[in-house]
Amino acid sequence: MKSICTINRFGTKEWRLNGNLHREDGPAIDRYNGSKEWYINGDLHREDGPAITSSNGSKEWYLNGKRHRLDGPAYEGVDGTKEWWVNG
């Protein structure tokens, strides 16, 4: 089955499958302000980059709903804050 896209009155796009945020070929949430969030089966998840890219420049890496990154910080804030996480 393919995810279904809806667009709210502000222009934010959301893809859902069986009621859960889900998209395999891009972000499941593409916000009107430029922020993007990747989900699989309702969990934040992205294997090839940050699962959350905020319009302010911060980045967060998640796998299977848990903050996770092996090759660098799992959170990079715009103020220079960095946090390392493995399996949440």
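Which strand does L63 lie in? L63 lies in strand β10, and it makes a handy way into this chain.

## About the model

This is a predicted model: local features need pLDDT of at least 70, side-chain atom pairs count only at pLDDT 80 or more, and totals for chains, interfaces and linings use all residues. Residues are numbered from 1 along each chain as its sequence is written, and side-chain values use heavy atoms, with hydrogens and water left out.

## Overall fold

The chain has zero helices and 13 strands; helices (H or I, at least four residues) and strands (E, at least two) are DSSP runs, numbered from the N terminus. Along the sequence, the pattern reads β-β-β-β-β-β-β-β-β-β-β-β-β. With a radius of gyration of 13 Å, close to the 12 Å that the globule rule gives for 88 residues, the chain is as compact as a globular protein of that length. Here the radius of gyration is taken over C-alpha atoms, and the globule rule is 2.2 Å times the number of residues to the power 0.38. Taken along the principal axes, the C-alpha atoms fill a box of roughly 35 × 25 × 15 Å.

Among contacts in the chain with a separation of 6 or more, residues 24 or more positions apart account for 0%.

## Surface and charge

Of the 88 residues, 40% count as buried. Buried means under 20% relative accessible area, exposed over 50%, and partly exposed in between (1.4 Å probe, protein chains only). The chain exposes about 5700 Å², and carbon and sulfur atoms supply 45% of that area. Accessible areas come from the Shrake-Rupley method with a 1.4 Å probe; for residues, only the protein chains shown count as cover.

As for charge, there are 13 positive and 13 negative side chains, and the centres of the two sets lie 4 Å apart. Lys and Arg count as positive and Asp and Glu as negative, while His and the chain ends are not counted. Each charge is placed at NZ of Lys, CZ of Arg, CG of Asp or CD of Glu.

Which residues make up the largest nonpolar core? It has eight residues: L21, A28, I29, Y39, L44, A51, I52 and Y62. A nonpolar core is a set of buried Ala, Val, Leu, Ile, Met, Phe, Trp, Tyr and Cys residues joined through side-chain atoms within 4.5 Å. Not counting residues up to four places away in sequence, I52 touches K36, E37, L44, S58, K59, E60 and Y62.

T53 sits in strand β8 (residues 52-53). T53 counts as buried because its relative accessible area is 19%. Beyond its neighbours within four places in sequence, T53 is in contact with G34, S35, K36, W38 and S58.

Leaving aside neighbours within four places in sequence, L63 is in contact with L44, H45, R46, E47 and H68. From C-alpha to C-alpha, L63 and E47 are 6.8 Å apart in space and 16 residues apart in sequence.

G49 is found in the loop between β7 and β8. Is G49 buried or exposed? G49 is buried, at a relative accessible area of 13%. Twelve residues separate G49 from W61 in sequence, and their C-alpha atoms are 6.8 Å apart.

## Glycines and asparagines in loops

G19 lies in the loop between β2 and β3 and is exposed, with a relative accessible area of 55%. G42 is in the loop between β6 (39-40) and β7 (43-44) and counts as partly exposed at 33% relative accessibility. G42 and G19 are 23 residues apart in sequence, with 8.4 Å between their C-alpha atoms. Apart from neighbours within four places in sequence, G42 is in contact with N20 and L21.

Most residues other than glycine have a negative phi. N18, in the loop between β2 (13-17) and β3 (20-21), has a positive phi near 55°. N18 counts as exposed, at 65% relative accessibility. N64 has a positive phi of about 50° although it is not a glycine. N64 is found in the loop between β10 (62-63) and β11 (66-67), and counts as exposed at 57% relative accessibility.

Notes. Contact = heavy atoms within 4.5 Å.
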